[in-house]
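Open the model in your viewer and keep the selection panel handy. This tour goes from one selection to the next.

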Amino acid sequence: MWQTVLGRPCKRLNLRQCVLISKVCVHQLHRSSSVFADSCNDGLYPGHIHTTPIQKALLAVGSGVAALYNPYRHDMVAVLGETTGHLALINLRDKMRNDPEGYTILTERPRIRLSTLDLNEMASLPDGSFGREYLRFLEDNHVTPDSRADVKFVDDEELAYVMQRYREVHDLLHTLLGMPTNMLGEVAVKWFEAAQTGLPMCALGAVLGPLRLNSSRLQSLFTSLGPWALQNGRQARCVLSIFYERRWAQSIEELRQELNIEPPPVILTATNNRNI
């Protein structure tokens, strides 16, 4: 069915039809994969769904179109990242292996969830400490680390953890970069992540995100925030190689210096809090 439907020339379909087809592909593949997940479980990691290269291609196309149509579909963005990021994940894994702190993270596999955070202790930290500023970011932007979906479609256990770590570190990057979760802040973080990680999903968000900005925010992005984000993404130490859970008491300014991240050139406030 998928081959017949996807074989129709795209120019003959309007945007609504293309989105509908993409959603059908993703839904059908996800449902059929889930039905047989238990019987076909290869034990890579909990929740893993094995997919063939053809199925991954279908997922990538379907989730990509759905994410283009609605960037707030976090489930589609997550699927797109998992089905297109294999080479980038290998590169990130190798960087972590070659860094003592990153190697420890790969060995211990920490998770950033509400169940693993001591919010009372973080609240008691002084202003300017990384833990206190991260907690303030969560409060001001009304977000939670538990909103990050578990990885399903990465067919390598260690690479799956690298992708999971990237997702859970995303809000920490917002804190380090001083960016809220409004559209401009999200695009700036995506520009940083695209330069830092090489993940196609981040590059796509970096390219398409500006299309949803008004003229004044576009000017801010292209004249100050964008160049700053790209430069710092390229020059910064691998952000996945930092054991943030052991850095809560560290000054955020000191941590930025250690990572070679410069303070943002523009201060943004937490308004219009919808994520890309």
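A salt bridge here is a side-chain nitrogen of Lys or Arg within 4 Å of a carboxyl oxygen of Asp or Glu. The model is predicted. Across the whole structure, 22 salt bridges turn up.

**Stop 1.** Select Arg237 and Glu101. They form a salt bridge, with the closest N and O atoms 3.3 Å apart. Arg237 sits in the loop between α12 and α13, Glu101 in helix α6, 136 residues apart. Arg237 is partly exposed, at 24% relative accessible area. Glu101 is buried, at 18%.

**Stop 2.** Glu258 lies in helix α13, 21 residues from Arg237. Its relative accessibility of 36% makes Glu258 partly exposed.

**Stop 3.** Move to the rings. There are four aromatic pairs. Select Phe130 and Tyr244, a tilted pair: 5.8 Å centre to centre, 40° between the planes. Phe130 is in helix α8 and Tyr244 in the loop between α12 and α13, so the pair ties together parts 114 residues apart in sequence. Both Phe130 and Tyr244 are buried.

**Stop 4.** Select Tyr134 and Trp248. Their planes are at 5° and their centres 5.5 Å apart, so the pair is stacked. Tyr134 is buried, as is Trp248. Show Phe130, Tyr134, Tyr244 and Trp248 together: they form one aromatic cluster.

**Stop 5.** Finish on Arg246. It lies over the face of Phe243, 4.0 Å from the ring centre.

Key: Residues are numbered from 1 along each chain as its sequence is written. This is a predicted model: local features need pLDDT of at least 70, side-chain atom pairs count only at pLDDT 80 or more; totals for chains, interfaces and linings use all residues. Side-chain values use heavy atoms; hydrogens and water are left out. Rings of Phe, Tyr and Trp (its six-membered ring) pair if their centres lie within 6.5 Å; planes under 30 degrees apart count as stacked, over 60 as edge-to-face and the rest as tilted. Helices (H or I, at least four residues) and strands (E, at least two) are DSSP runs, numbered from the N terminus. Buried means under 20% relative accessible area, exposed over 50%, partly exposed in between (1.4 Å probe, protein chains only). A charge sits over a ring if NZ of Lys or CZ of Arg is within 6 Å of the ring centre and within 35 degrees of the ring normal.
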